Amino acid sequence: MKNTFINSDDIRHDFSVSMSEMYQKEVPLYGDLIDLVSEVNTEVLNEQPEVRQQLDHTGEIDRLNLERHGAIRLGTDAELNMMRRLFAVMGMYPVGYYDLASAGVPVHSTAFRAIKTQSLNNSPFRVFTSLLRLDLIDDEILQKEATVALDNRRIFTDNVISLIERFETQGGLTADEAKRFVQEALETFRWHRQTPVSKSLYEKLLLQHGLIADVVGFKGPHINHLTPRTLDIDAVQAGMQAKGIPPKAIIEGPPKRSCSILLRQTSFKALEEAVSFKKPEGDRLGDDCSKDNYEDGYHTARFGEIEQRGVALTPKGRSLYDTLLSQARGQLGVTPSAANASEYYRILEQAFEDFPDDYQSLHDEGLAYFYYQAVANESEASRVVSDLDENVLEANSPDADLSKQAIDTLIKQGVIRLEPMVYEDFLPVSAAGIFQSNLNDSKQSHYEGRSNQQAFETALGARVYDELELYQSMQAQSLKACLLQLNDISQTGKARSKSA
Ligand code: OOG
Ligand code: NI
């Protein structure tokens, strides 16, 4: 008898719910943040029916209150490789490559996420995953000590590894296996108060970089934040202050606009948490966890974040975004901070006046990605379909300009509706800002950044998906489906008038 396997989207959904429950217990302030976000979202949906309608048309309304993303930091190639296999069980694949060394953070990263529209709507949960670059530490002795510490840890349970192998050989997991998988996988992301390293090693690592201490100093890649999606990040930022949740100084990303683009993010500051460092003599006593083998200390790394997502940009739109952002930062002249926040926002808003702020222009100028939806009735559909070039109708016209013109006309005639495609990825400059504001680092590190996507992919054991290609193909598919639907509506119309 053939086993029935659980859909990966459902495993991902269950995992993200369990992860959120675990994190709310570990970091109660994150629970307060979730409450605030859901209050603000309810208000926006009540007061702005057009926002509700748009989320309804794109299918995002149902996913709004689900978690959006989390982040982890890994220490070795082998950890990254197994993590890829673990996420594949949940239908999450590596998308994008982010080099953060050039921004002073010694990691490179990818995001594990679903890649199909329907899967994203079933569960949008994603994990920003960074790999530490010990090759950037200039102190050779410390580099060796860190390598030994990382080589000695095991971040995956034996059970999760056998379930991953089972998934790979069977091609899926049964209901019972999926349930065990979620519980076992969660162990990797749990917080461990007792460190496997001594306080003195931890402090040396900390002096190199807060991030190195956060990875090498712990038993596993504890989830360091979870991020719900809000429909009004400015309201949440203000609300945090009012609720005594200490916010990060500035909102990263583009300025406030009528048509949100890409991603805006802010967070509450990382908490100082009590940890127990292994005493040097504790090493000789093996895994004896008794209190006597540990001494008290503190670590700062875990926080809560909020994001507001907007439309995904094409390469042309993205390059305009990058130009305007760096123009604004250049004009400010220093890193944006609490001291210059209002000045920074003013400059940013001014710079972004050059970025069209209505969906029609974003579409017509090829700056953003959209879903195409057929909204014609039978007679309209018959009329436009009979006028259309066969090639355009089958979405395989060799003449791109002709197609574009024909589609633009259909949009103007109101038989095709445009809906913005939400940006599912991250932004390197913003990510660096998030890292920095949560590491409690006063110094600014510099790394002679050789970006190294190839080494990252070798460690991963796979190529990362190109996010722009994914959006492009989602848009192309949606256009094809939309034209097909127009054709269907028109055929139904014809059949009906014949039989009448
Ligand atoms: C990841 C920081 C980046 C984001 O949303 O851009 C990030 C980390 O702190 O490990 O999560
Ligand atoms: Ni984040």
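A salt bridge is here a side-chain nitrogen of Lys or Arg within 4 Å of a carboxyl oxygen of Asp or Glu. In this predicted model, one such pair is Asp357 with Arg257, whose closest N and O atoms are 3.2 Å apart. Local features need pLDDT of at least 70, side-chain atom pairs count only at pLDDT 80 or more, and totals for chains, interfaces and linings use all residues. Side-chain values use heavy atoms, with hydrogens and water left out, and residues are numbered from 1 along each chain as its sequence is written.

**Domain arrangement**
- The protein is divided into domain 1 (8–310 + 424–464), domain 2 (313–358) and domain 3 (376–414 + 480–499), with bounds that come from an automatic or database domain assignment.
- Between domain 1 and domain 2, the C-alpha centres are 26 Å apart.

**Interface of domain 1 and domain 2**
- Contact (heavy atoms within 4.5 Å) joins 15 residues of domain 1 to 18 residues of domain 2.
- The two domains bury about 1400 Å² between them, 64% of it on carbon and sulfur atoms; this is the accessible area (1.4 Å probe) that two parts lose on being put together, summed over both.
- On the domain 1 side, the most area is lost to domain 2 by Ile250, Pro255 and Arg257, which together account for 34% of what that side buries.

**Charged pairs across the interface**
- The rule finds two salt bridges across the interface of domain 1 and domain 2.
- The side of domain 1 that touches domain 2 comprises 11 nonpolar, two polar and two charged residues, where Ala, Val, Leu, Ile, Met, Phe, Trp, Tyr, Cys and Pro count as nonpolar, Asp, Glu, Lys and Arg as charged, and the others, Gly among them, as polar.

**Cysteines**
- The count of disulfides (pairs of cysteine sulfur atoms within 2.5 Å) is zero.
- Cys259 is buried, at 7% relative accessible area, and Cys482 is buried at 1%; buried means under 20%, exposed over 50% and partly exposed in between (1.4 Å probe, protein chains only).

How values were computed:
Chains are lettered from A and ligands numbered from 1 in the order in which they are written.
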